[in-house]
Amino acid sequence: MKKWTLNSWRNYPVKHIPEYPDKKELEMVLGKLKKFPPLVFAGETRHLRQQLANVVDGKAFLLQGGDCAESFAEFHPDNIRDTFKLMLQMSLVLTYSASLPVVKLGRIAGQFSKPRSSPIEVKDGKELPTYLGDNINGIEFSEKARIPDPKRLFKAYSQSASTLNLIRAFSHGGFADLKKVHTWNLGFIKKTQQDKKFKELEDKIADALAFIDACGINSDFNRRLKTVNFWTSHEALLLPFEQTMTRVDSTTGEYHDTSAHFVWIGDRTRQLDGGHVEFCRGIENPIGIKCGPTSKPDEIVKICNVINPKNEKGKIVLISRFGHDNVGKFLPKLIRAIKKEGLNIVWSCDPMHGNTIKSATGFKTRPFNNVVREVKNVFAVHQSEGSFAGGLHIEMTGQNVTECTGGAQKISDKDLSHRYHTHCDPRLNASQALELAFLISDEIKKNSQYSKNIIQAAS
Ligand code: PEP
Ligand code: CO
């Protein structure tokens with residue numbers, strides 16, 4: 001294996017990294033960013049890896065969620081708070097119903113750059129370069145906005161830092177105290193089926209807390225009852241930025257990408273001989289790898305070996321995103337190839353990216369039923385292959401958007417135009433996301449690997 005350096009990825013072909021017309025300005029911006037503080041600390045990243053190792057063993061569940069693309073326009077404390085609340089709610093559903101701790105990982109505080117299916121966008125006969133994410137160019141349909149502008153990286157860094165700051169405050173400042181569970185609800189899902197189910201759960205938790213309080217255990221004395229660990233993640237797409245944020249951890253001498261706790265390689269950039277895999281093999285962060293219909297099982301095995309040569313637990317998360325009707329065709333072969341090699345893997349399911357369609361009204365959408373079908377199919381395959389379906393990766397928001405059709409609110413094609421705010425792919429709203437959490441807790445309980453752990457824990 002050739003020597004890895006911070007910029008060895010530049011010797012390999014890379015896809016989906018824009019050409020900046022002003023290279024000097026890019027260098028100036030990156031040079032300044034290099035001196036900015038890291039967003040996360042290496043010790044936190046190591047902690048996340050330990051938690052993910054528990055997922056490999058079927059002793060925890062990974063919940064990864066947030067916007068498809070964060071944007072400057074949607075940047076607002078209420079939006080951050082509502083995404084955080086929704087993650088807490090979903091985690092609670094999973095923890096309570098399936099008796100599993102949940103590793104909470106936001107697609108947040110840095111999820112800006114997007115690989116796009118086409119480099120150009122055509123509107124009313126006019127052709128322009130595609131929008132690539134707010135840290136690269138602008139979404140407005142004008143020639144000027146679509147030119148990659150390095151200075152946008154400053155704004156994205158600043159937004160990521162203040163988002164993370166608020167998340168840290170929520171996580172440790174009392175907001176996540178289990179006693180406050182009734183304040184986590186989001187106004188607009190009141191009176192829905194999900195709200196009713198969540199209220200029932202709140203009552204059960206209040207009873208349990210009253211009981212343990214009577215036994216002398218409460219959040220005044222037990223930090224675990226009032227704080228959570230909430231980690232951040234994004235796609236490691238824009239390598240010049242990721243390289244800049246990669247620093248040597250002074251306590252170990254290892255390289256950590258300090259732009260987030262966890263980064264993943266997208267379905268379009270996971271070439272074995274490509275720059276993205278090369279970059280990710282040198283950093284200590286846990287790494288996600290998206291696997292779609294075009295991924296070959298033996299290539300995925302090779303990528304895992306390159307990124308995790310020591311086969312350490314908690315280092316690799318394979319995120320399958322085949323599409324609801326393709327799961328049976330692709331996933332069993334992938335699981336068998338990984339098993340044959342004896343690799344330690346967190347198996348996560350992204351039921352979003354293989355189920356995108358165009359609605360009759362012209363919107364990019366995802367029928368909630370197909371999202372649910374993919375999740376159910378993935379759980380069924382893991383059940384029959386004897387592996388543990390350990391995670392969910394979704395695009396979601398705490399806002400009352402109408403971007404995915406279906407769910408308890410029965411959002412129709414015609415409703416999509418009401419509140420379609422996403423800058424890229426359609427997200428589940430809180431009601432749909434909670435519905436999914438309830439469904440998954442039922443699926444987890446059916447998994448034999450999970451039952452084995454519960455029995456072992458009890459004996
Ligand atoms: C994404 O997660 O936003 C994404 C682009 O996914 P994928 O790489 O799986 O298409
Ligand atoms: Co997306």
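**Figure 1. Contacts of ligand 1 with side chains in a predicted model.** An oxygen atom of ligand 1 lies 3.1 Å from an N or O atom in the side chain of Arg 268. A polar side-chain atom of Lys 290 is 2.7 Å from an oxygen atom of ligand 1, and one of His 353 is 3.1 Å from an oxygen atom of ligand 1. Polar contacts are pairs of N or O atoms within 3.5 Å; within protein, one must be able to donate a hydrogen and the other to accept it, and residues adjacent in sequence count only if both atoms are side-chain atoms. The residues around ligand 1 (a heavy atom within 4 Å of it) include Cys 68, Arg 107, Trp 264, Asp 267 and Glu 395. This is a predicted model, in which local features need pLDDT of at least 70 and side-chain atom pairs count only at pLDDT 80 or more, while totals for chains, interfaces and linings use all residues; side-chain values use heavy atoms, with hydrogens and water left out. Residues are numbered from 1 along each chain as its sequence is written, and chains are lettered from A and ligands numbered from 1 in the order in which they are written.

**Figure 2. The cobalt ion (ligand 2) and its protein donors.** The donors are Cys 68 (SG), His 353 (NE2), Glu 395 (OE) and Asp 425 (OD), at 2.1 to 2.4 Å from the ion. Donors are N, O and S atoms within 2.8 Å of the metal (3.2 Å for Na, K and Ca); water is not among the atoms, so sites may look incomplete. Along the sequence the spacing of the donor residues is C-x284-H-x41-E-x29-D. Cys 68, in the loop between strand E1 (61–66) and H3, and His 353, in the loop between strand E11 (346–349) and strand E12 (357–358), are 285 residues apart and link distant parts of the chain. Helices (H or I, at least four residues) and strands (E, at least two) are DSSP runs, numbered from the N terminus.

**Figure 3. The largest pocket, with a volume of about 1000 Å³.** Of its 29 lining residues, Thr 95, Pro 101, Lys 104, Arg 224 and Thr 227 are the closest to its centre. On a 1 Å grid over the protein atoms alone, a pocket is an open set of points with protein on both sides within 12 Å along at least five of seven lines, a cavity is a set where a 1.4 Å probe fits but cannot get out, and lining residues have an atom within 4 Å of a point. Grid points are joined across faces, edges and corners, and a volume is the space filled by probe spheres set on the points. H3 gives the most to this lining, with five residues.

**Figure 4. The second largest pocket, with a volume of about 810 Å³.** Among its 32 lining residues, Arg 116, Lys 364, His 423, Cys 424 and Asp 425 are closest to the centre. Strand E3 (residues 120–123) supplies the largest share, three residues.

**Figure 5. The largest cavity, holding about 180 Å³ of space.** Of 17 lining residues, Asp 67, Glu 70, Glu 74, Asn 79 and Ile 80 lie nearest its centre. H3 gives the most to this lining, with three residues.
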